[in-house]
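Subject: Structure for you to look at

Hello,

Here is the structure I said I would pass on. My notes on it follow below.

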Amino acid sequence: MAPSTRLVATLLFGSGLAALVYQTAWQRMFRLIFGASTGASAAVLALFLGGLGLGGFLLGRRAERSPKPLLFYGNLEVGVAISAALTPLIADLCATFYFSLGGSRVLGLGGASVVRVLLAAAVMGVPVFLMGGTLPAAARAVE
């Protein structure tokens, strides 16, 4: 039996709210590491949206084949929570690495931009990818 639309809508509301909280926290965390530059903010936003899109594309296919899409959705949310909980530790490691490279003064604008994107992907790539799969799984559950 398919779950009620109201239940899934409530789950998606909470999931979306949590995703925005994560995105804001990551944005502020990276400002402490990379500075308050437009490039650093753009890298975080691009990775957030790109990860959501890639996760939706790849995990959406998997959700379509899932015999229990709401269970698949729940597993994705657990994965998001666990991987997001690890981001402060990973961010500390990335900050140490970035500072040891000398930051944008040593790397220059282009080099620093590449390193920022790679480090931001290391910190938030997994949880954002998993977040992208939650909407297709939830939609499949009520379908």
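Helices here are DSSP runs of at least four residues, numbered from the N terminus. Please keep in mind that this is a predicted model.

I began with Tyr-98, which belongs to helix H4, residues 87–101. Is Tyr-98 buried or exposed? Its relative accessible area is 3%, and the cut-off for buried is under 20%, so Tyr-98 is buried. Beyond its neighbours within four places in sequence, Tyr-98 contacts Ile-33, Phe-34, Gly-103, Ser-104, Leu-107, Ala-112, Val-115, Arg-116 and Leu-119. Phe-34 is 64 residues away from Tyr-98 along the chain, yet 8.3 Å separates their C-alpha atoms.

Next, the packing of two helices. H1 covers residues 5–34, and its axis lies 10 Å from that of H4, at an angle of about 20 degrees. Angles under 35 degrees count as roughly parallel, so H1 is roughly parallel to H4. Their crossing is right-handed. On the H1 side the contact is made by Trp-26, Met-29, Leu-32, Ile-33 and Phe-34, and on the H4 side by Thr-87, Pro-88, Ala-91, Ala-95, Tyr-98 and Phe-99. Of the residues in this contact of H1 with H4, 10 are nonpolar, one is polar and none is charged.

Last, Ser-83, which sits in helix H3, residues 69–85. Ser-83 counts as buried, with 12% relative accessibility. A polar atom of the Ser-83 side chain is 3.3 Å from the backbone oxygen of Val-80. Leaving out residues up to four places away in sequence, Ser-83 touches Val-126, Pro-127 and Leu-130.

Regards

Technical notes
Residues are numbered from 1 along each chain as its sequence is written. This is a predicted model: local features need pLDDT of at least 70, side-chain atom pairs count only at pLDDT 80 or more; totals for chains, interfaces and linings use all residues. Side-chain values use heavy atoms; hydrogens and water are left out. Buried means under 20% relative accessible area, exposed over 50%, partly exposed in between (1.4 Å probe, protein chains only). Contact means heavy atoms within 4.5 Å. A polar contact is a pair of N or O atoms within 3.5 Å; within protein, one must be able to donate a hydrogen and the other to accept it, and residues adjacent in sequence count only if both atoms are side-chain atoms. Axes are lines fitted to C-alpha atoms, for helices over the stretch in contact, and angles run from 0 to 180 degrees between N-to-C directions. Angles under 35 degrees count as roughly parallel, over 145 as roughly antiparallel, 65 to 115 as roughly perpendicular and the rest as oblique. A crossing is left-handed if the near helix is turned anticlockwise from the far one by less than a right angle, and right-handed if clockwise. Ala, Val, Leu, Ile, Met, Phe, Trp, Tyr, Cys and Pro count as nonpolar, Asp, Glu, Lys and Arg as charged, and the others, Gly among them, as polar.
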